[in-house]
Amino acid sequence: MATQLQTPGAIGPEAVTTRAANAPAWLAERRRAAWEAYTALPMPDRTRDEDWRRTDIRGLEPDEYVVDPGPTGHGAGLVEAMREMRDRIAPDAAFVASTRNGVRALEGAEALRAQGVTVCSLEDAAVHDEAAVRRALAHVPVDGSKFTALWNALWRGGCFVHVPTGVEAAVPIVAAHSAAGDHAAILPATVVVLEAGASLTLVELEASPAAQGTMLSDAVSILHLGEGSRLDHCLLQRWSASTWHLATHRGVLERDSRLRFFAATFGSRLQKVYWDALLEGQGADATLTGVCFGGGDQHLDHQSLQAHRAPATRSDLLLKVAVRDRAQSVYGGLITVDRAAQRTDGYVQNRNLMLSRGARASGIPMLEIKANDVRCSHGVTAGHIDTEQRFYLQSRGVDPEAADRLIVRGFMQDALDRSPHAGFAEFVGGVLDEVVAGHSAAGVEAEGLS
Amino acid sequence: MTMAVTVEAHELTKDYKFGFHDIDVSVFRTEKGLSPEVVAAISAHKNEPEWMLKFRLKALSHFRKRVMPSWGADLSGIDFDNIYYYVKPTEEQSRSWDDVPDSIRQTFDRLGIPEAERKFLAGVSAQYDSEVVYHSIREDLDKLGVLFGDCDTGLRDHPEIFRKYFGTVIPANDNKFAALNSAVWSGGSFVYVPKGVRVDIPLQAYFRINSDNMGQFERTLIIAEEGSYVHYIEGCTAPTYSSDSLHSAVVEIIAHKDAHVRYTTIQNWSNNVYNLVTKRAVAYEGARVEWIDGNLGSKLTMKYPSIYLMGEHAHGEVLSAAFAGEGQHQDAGSKCIHVASNTTSNVVSRSISKGGGRTSYRGHIKVHEKATGVRSSVRCDALLLDEESQSDTYPYMDIDSPDVSIGHEATVSKIGDEQIFYLMSRGLSESDATALIVNGFFEPFVKELPMEYAVELNRLLAVQMEGSVG
């Protein structure tokens, strides 16, 4: 690593030392091991790594980005902007907001605490709920990949939720991650542990102001679903158009548990996001849905894994993508079925709508099947708006811009209908309309925040 | 050109000139392993022009520079140093059927080839080791100006056509195995169909590997001039050997304006053969190229017949069937590259895995930025016959143009219990019911084959399916 002239608070060994000093011994050790793995692993390479062939991150120099900015003065503004989003999506929800400086707000969790639900920062949980945190973190090993290693070394604050056996969480939880400032680096962390028979709705928001310098986001969510538990997880990505966004969202499903994951992707200049549903227990069931709109020069890459490791498991993924201008969408999806996973039902659909010349979409849905009593299928389509559709709408007095908005909305509607939370679907639909109309995809107002 | 022959059944029993069955009596062969000297020896032995020697040597250096592909199947069992790169079995080309060695004739006999030829075939090129040992062409093909011979003869007798097209579709540095083939190629077919000529009967060649540790590197070049039509059929059978063999062919097809080329393969190498083949066609304006590709044998096959749709309204079709039994991995698929507007492609793949076998479909659909009005449809279905077997699907789609309609669908499943139950309730045994369903599953492929091939494929499938139930 470069040691000379390092920007204060930048990604580097000092930031690891600071975090390790404030962590319990096991976590400090884990952070150091992760940093070692991070420095040892090469940057992903288009020619060497198959899943990176269509995504070029050669322009990213992680050690130029600042994880520890010290007092910034705009944290309160960011929190307020995220709170407003919470109010529109789920006004009843508990609210946990993080910036680079850790958890900045934790509100409305009283009803949950009365039920015995733990809602706190991941840092606190590492001390007070060590067993649960260690079990969850083990799902994202320190040396799994370059960027999960970086995350393991440097995450800060973080949202931790632990729902005890049989408890149905009384209200949803909104976990918000936000950052602002030139060369800001944030490592959003969300860890959810549901014990047997528990249930929860979790909404994750990632957003930054539109007008600012380049940014780096390296996020991990870990969702541990105990036997028979249910998790509805909604995710909204609205980073600024100058943000590099790398993320892993990993659900581990025990017997008869059910995950409904719904993600809306609008922001970032380049994103590489992994959605992993690991179906470890018999009868586990995962529904994954994505709505993605890209414009300008955005490069939006989704990779999904539906790993069927036990009998009678079911998974169903739908990713709908619309791309305009010079935006490029990349989708790589893999369904694996282990020998033991008989009676698996696995499905992937990727539908792409090409809105203009120069826009590009790649779809690579893969199957690796080792059991015979299965039903696995996938479909990919790419198409464009028929001239007749546009013409018809215009003949009815709809202006071309509004026509496109209606058509994109119509294209996305079946995916939006799969959102497990109605308020979230409505909010995302609104964001979609705005973005199609040409407004910034970034999530929070820029005033006074940069 | 070789003389036309008519083969009568009784001629097959005549004495033969080359008295070998299992004894290796190859007349000339290079030492094991690969070096510029070996490549130069091959070229010198064939009395090739200087440009071909240079092409071969350049290809060798490409081959040495390129790393082994790691994205697909397991290639670690190949030992490049333990392979003969050139074996010439006979001193000169056989002139008639009765010159063909008995062992080959018997194999052909079992597969019904002589009869098929009498009835349907325009010509037969049977490749024994690295040379064409038997070759016939019907006189009417000569009259039409159709050239059908082996590639060595093509290079010698038609250098102007040969050099214009050779290596233009698949350059020597295209991939590691194409580079290997380019360095040491030998034999294979050369087909030239003049403008407007329609070859009504399929041109057919049979290839075999027949020497321990023998690599086979045939090279096929098919040129269809404007408005012409040709159907070329290639099939393989090979006896089993104790150590692994390598087969690495290159097939290039040029379909000019409004030409129609169909290429049918049934690959049935023995289960110790690495079959690593590069097949590619270019289709110009209004041309139509069809790959009918069946993969039954080999230890490992990696083969992705490709079509570059270079002219408007060109159409590509790939129909593939794969069967993987114990110890086999069929990694096959297709590529359709839409460079020009209003081009269309259609891919249908059917695969069956059994007894621990593994089938993989690997495909690529690409639409270039300037291509509008492109339509493509890909359909893959896989059957898994037991709990040990594996099926994979790796379809890549890169769409760089908005004015497209692209669809891909794939399913993996087992044979339905209800289907078996229904057929058994009608009096079929379980194995007959399974065989019937398997035949039905391959039906889209089989119905595109000439009759004798359809019969042969069904026979091969029946052999493969033996003991699959109970």
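Okay, let's start with chain B, whose secondary structure comes to 12 helices and 23 strands. Helices here are DSSP runs of H or I with at least four residues, strands are runs of E with at least two, and both are numbered from the N terminus. Before going on: this is a predicted model, where local features need pLDDT of at least 70 and side-chain atom pairs count only at pLDDT 80 or more, while totals for chains, interfaces and linings use all residues. Residues are numbered from 1 along each chain as its sequence is written, and chains are lettered from A and ligands numbered from 1 in the order in which they are written.

How much of chain B is buried? Of its 470 residues, 55% are. Buried means 20 or more other C-beta atoms within 10 Å of a residue's own, exposed means 12 or fewer, and partly exposed is in between, with the C-beta atoms placed from the backbone. Now contacts: two residues touch if their C-beta atoms, again placed from the backbone, lie within 7 Å. Take the contacts in chain B between residues at least 6 apart in sequence, and 84% of them join residues at least 24 apart.

On to helix pairs. Two packed helices are described by the angle between their axes and the distance between the axes. The axes are lines fitted to C-alpha atoms, for helices over the stretch in contact, and the angles run from 0 to 180 degrees between N-to-C directions.

In chain B, helix H1 (residues 36–45) and helix H2 (residues 50–65) have axes that come within 10 Å and cross at roughly 155°. So H1(B) and H2(B) are roughly antiparallel; the cut-offs are under 35 degrees for roughly parallel, over 145 for roughly antiparallel, 65 to 115 for roughly perpendicular, and oblique for the rest. The crossing is right-handed, which is to say the near helix is turned clockwise from the far one by less than a right angle, with anticlockwise being left-handed. Which residues of H1(B) meet H2(B)? They are B:Pro36, B:Val39, B:Ala40 and B:Ser43, and across from them in H2(B) sit B:Met52, B:Leu53, B:Arg56, B:Leu57 and B:Leu60.

H1(A) passes H2(A) in a right-handed crossing. From H1(A) we get A:Pro13, A:Val16, A:Arg19 and A:Ala20, meeting A:Ala28, A:Arg31, A:Arg32 and A:Trp35 in H2(A). The classes are five nonpolar, no polar and three charged.

Staying in chain A, helix H6 (residues 130–137) has A:Val133, A:Ala136 and A:Leu137 as its buried residues. Seen down the axis, they fall within an arc of 95°, so they line one face of the helix; the arc is that of the directions from the helix axis to the C-beta atoms. What covers them includes helix H5 (122–128) and the strands E4 (159–163), E7 (189–194) and E9 (215–225) of chain A.

Last stop, the loops. A:Met43 sits between helix H2 (25–40) and helix H3 (75–89) of chain A. Leaving aside neighbours within four places in sequence, A:Met43 is in contact with A:Ile57 and A:Lys146. A:Met43 and A:Ser145 are 102 residues apart in sequence, but 9.3 Å apart in space, C-alpha to C-alpha.

Then there's phi. Most residues other than glycine have a negative phi. A:Ala312 has a positive phi near 55°, and is found in the loop between strand E15 (299–308) and strand E16 (314–323) of chain A. A:Arg343, also not a glycine, has a positive phi of about 60°; look for A:Arg343 in the loop between strand E17 (328–337) and strand E18 (345–354) of chain A.

Definitions and conventions
Nonpolar A, V, L, I, M, F, W, Y, C, P; charged D, E, K, R; others polar.
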